[in-house]
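Please open the structure in your viewer and keep the selection panel at hand. The stops below go from the whole chain to single pairs of side chains.

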Amino acid sequence: MYHYLRTMSRKLTGLPALLLALCVLMLTAPAASASAVPAPDTATGTVLDQTGEPLPGASVMVVGTTLGGSTDIDGNFSIAGVKQGATIRVSFVGCKPADVKWEGQHLNVTLQDDGQTLDEVVVVGFGQQKKVNLTGAVSTVTGKEIAARPVNSVADALQGMAAGLDVLGAGAGGQLNATRNMNIRGAGTIGSGSSVTPLVLIDGMEGDLNDLNPDDVETISILKDAAASSIYGSRAAGGVILVKTKSGKEGKITVNYSDSFRWSRINDYPDMAPSWTWANVFNQASIAAGGGELIPAYKIDQMKQAVTDPTIPQLMTNANGTDWSFWNFGDLTSVGNTNWIDEHFGKTPFSQEHNISVTGGNEKYDFYFSGNLLSREGILVHGDDNSQRYTVNAKINVHLTPWLTFGYSNRWVRRQYDAPSALTASTWQNVMRYWPNIPTHDPNGNPTLFSYIDAFENGGRYTTYKDQTDQQFSFRINPIEGLNINGEFNYRNWSNHDKRYYLQTGYYGPQGNYIENNPNDWPAGSPIGSRVYNYSQKGNYFNPNIYADYSHTFNKVHNFKIMAGFQSEWNHYEDFDAQNTGIMSGLPFLDTTSGDNKTLGGYSATWATAGWFGRLNYDLDGRYLVEGNIRYDGSSRFRAGKRWSWSPSFSLGWNIAREAFWENLTTVCNTLKLRYSWGKLGNQNTNSWYPTYPSMGYYPDSSGWLVGGKKPTYATAPGLISTSLTWEKNRTWDIGIDWGLFNNRLTGTADYYNRRTIDMVGPGEKLPGVLGASVPNVNNLSMTSKGWELTISWRDRIGDFSYGITANLYDHTTTIDEYPNENKALSTAYWPGKKLGEIWGFRTEGLAKTDEEMQQHFAKMEEAYKLAHDGQAPTYNNPQYILGTGWQAGDVMYKDIDGDGVISQGEFTADNSGDYVVIGNTTPRYCFGLNLDAQWKGFDVKVFF
């Protein structure tokens, strides 16, 4: 009975592939013969798996021709028009392909399981492991998957690729110089004195995904739980992203070139109402607030007419005719119709990318060289904004002796950005708030003041560029079998240079006179003036890693591997800035300024870490898996006695599919593994590099008053600090399951985790106001994150056609456990029990369609008030008085949640908030990614959501 069910399972799982194969073959291959006796040139055969079961849906192709087909539900195939002596290739997902020669006989082909899936190697901390032996929560992304996405950076490409990885939207309004932030399994801290971000390591060296050429990536491993990450100790509290770049391969020299030309456009942005619609709503709002109509009806009619009638003046002058009327009402109301979003951000920008690589090698050495150029235009219509990224990557490995290998790599990147100085974070907000009735140009054809056109085109530029060079030296010694000694020496030097200058702009008045006026009072809060600002920063980073591993197998089933090593980091930077006002002759340089507002500044800082680490792996014949990690870290950010921290972890795994009792089920489920892990990590990333040392403010020639005709120097007293500040710590446990069905055509993984962060840096307990200083940050906060992840993938091949579907879904929430707010006052940002991202507000029952409906709503609440107060009549004028007066048709009716007959915030605490409740959350929930791909005879298509 079991044999029958297993056979039917094999047949049924092949039905979808078989049906799809038949559809493809109708278009691409001759139909299989249906005759009982095949023709002499018809090749027939049967395909079985290694257990002797038929393989439906296997691909059967005649090598060197377009002839082919696939096996039926019983594993049989038949192909007409085949010459004797031809080679027939049989393949199936999860099996090794087989080539057989046809000499006219019926073929019997047995395919062996492909060990590639089991032997797939995953990059982990300071080493590699077979994927089948992993016990931590690790997701992998291949370089092919990255390169297939037409994106600007590796960070962009990772969106939706791995469950639990949040790739957050770029800040700065999506400007070209904005970069994406990421977190793994949600926020690692509330950001009150510290930060937690994933540690990104590129070939073992800390780096930035935004600086990396996507075409250089070979694999990416995302270490999500503490067991997988703890080997990196102090830097891994937010998880780890390991990037392995491409290396040279033995063989002839190969040159590859690729380019990409693309145009883009904003997918979705707010629709701006036409000016006449805006004017009507503006009047309605004024009337609802107790005022009258501000924009006359004839002006609203003119707004409509002016769209097609250019003789209607759209901009009025003031009463005496000396200036334009921008923000006035009545007869002076402007009657233009401007969509400010389209006016400023409606450009369809062009981008281009070029890649070239050279690779080769032999048994003595291998090399890989690559270069990349990415040039992008921005969406600004007025005033050009653009960015460029240049990268050069060189890597060489030399096998000096059979037991010694030397490696060297050099990565250089330059990022440039150029945009109008007037383009700031507030620009986007101002554009959204501009009145649509104000025209872009005055009747004389000159840009209006608040159009920003003159400011963008002639008001100065902001330019920035970053140069960075990473050099890596490595050696690998293999003195005896099983022992590897590794040394890595990583060095980085980098520099940033920013220049922002503002030139005087303005507009032309009605009489043609030029009026100097910088829109929105820039720079430095003044409508008149010019300024130049320079900022330079340079730094060095040094990171040696020395570690060794030894592996050995006892009695063919007991597999041991031990690893130990040392790592340290040293990071130093210094910066300098200077500015002055009064740019002369339009030359934006410090030595061509004439102002008396010179300012100079500079800073220098250093941090360092050191850590010893070790790992032990054991498995019993690949069935029972154990891993233990330990790390001991020290950080320069903390005082002696608080400087060092342990980061232990362990993980367990059970490969059920390797058990003898599972052998009969392997044809259906060939991979099944249970995992459990626990670990503790430390976080040293305080906002200040010197959080336990007081610092005094010093401001030369900066006082707000004059002494002897000069501004005196002044200093400020240092704030309070906590000398006992130490590491934040998080403890994570994770349980997971991995599976593979039908020769690993259907694979998946699921995890549930709990991460508790303790000793988080946050504000101390409140002290009396007579202290005269703010309380220092201490280690007194804690929070818990919980979540789950699910990834499912299906891959199959039918003849020349192959396809894949991968979907992931995940969710997580974070709750504050401890915070110095025992009363849970809502006036404080956090309190025990609060879920991160909560949005508080009043719930509504809809809009009142008539005045009568609003009064009925009030009457209902007054009755509730009497019931809640022993029949006492309410003393308020209206039950929604806390939110306003004059309620009428069109206004919001708020819900009386606590039933006391009045809309209130109670005591404004989480435990007594009246009708003020949680109405939403900013934390994304149920995030998903869907990736579809298909290939056919050299053509491929990929779709991702």
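How many helices and strands does the secondary structure of the chain come to? The chain has eleven helices and 46 strands, where helices (H or I, at least four residues) and strands (E, at least two) are DSSP runs numbered from the N terminus. This is a predicted model, in which local features need pLDDT of at least 70 and side-chain atom pairs count only at pLDDT 80 or more, while totals for chains, interfaces and linings use all residues. Residues are numbered from 1 along each chain as its sequence is written, and side-chain values use heavy atoms, with hydrogens and water left out.

Of its 945 residues, 47% are buried (buried means under 20% relative accessible area, exposed over 50%, and partly exposed in between, with a 1.4 Å probe and protein chains only).

Next, select residues 43-49, which are strand β1. An open sheet of three strands runs in the order β4-β1-β7, with mixed pairing; two strands pair if DSSP finds at least two bridges between them. The edge strands, each pairing on one side only, are β4 (76-79) and β7 (107-111). Strands β1 and β4 run antiparallel and are joined by four bridges, and T46 stands opposite N76 in β4.

Now turn to the salt bridges, of which a search of the whole structure finds 33 (a side-chain nitrogen of Lys or Arg within 4 Å of a carboxyl oxygen of Asp or Glu). Select E789 and R185, whose closest N and O atoms are 2.8 Å apart. This pair links distant parts of the chain, since E789 is in strand β39 (residues 777-798) and R185 in the loop between β12 (182-184) and β13 (199-202), 604 residues apart. E789 counts as buried at 4% relative accessibility, and R185 counts as buried at 1%.

Move on to D467 and R414, which form a salt bridge with the closest N and O atoms 2.7 Å apart. D467 lies in strand β24 (residues 461-477) and R414 in strand β23, so the pair ties together parts that are 53 residues apart in sequence. D467 counts as buried at 17% relative accessibility, whereas R414 is partly exposed at 24%.

Finish at F406, also placed in strand β23 (residues 404-420), which is partly exposed with a relative accessible area of 34%.
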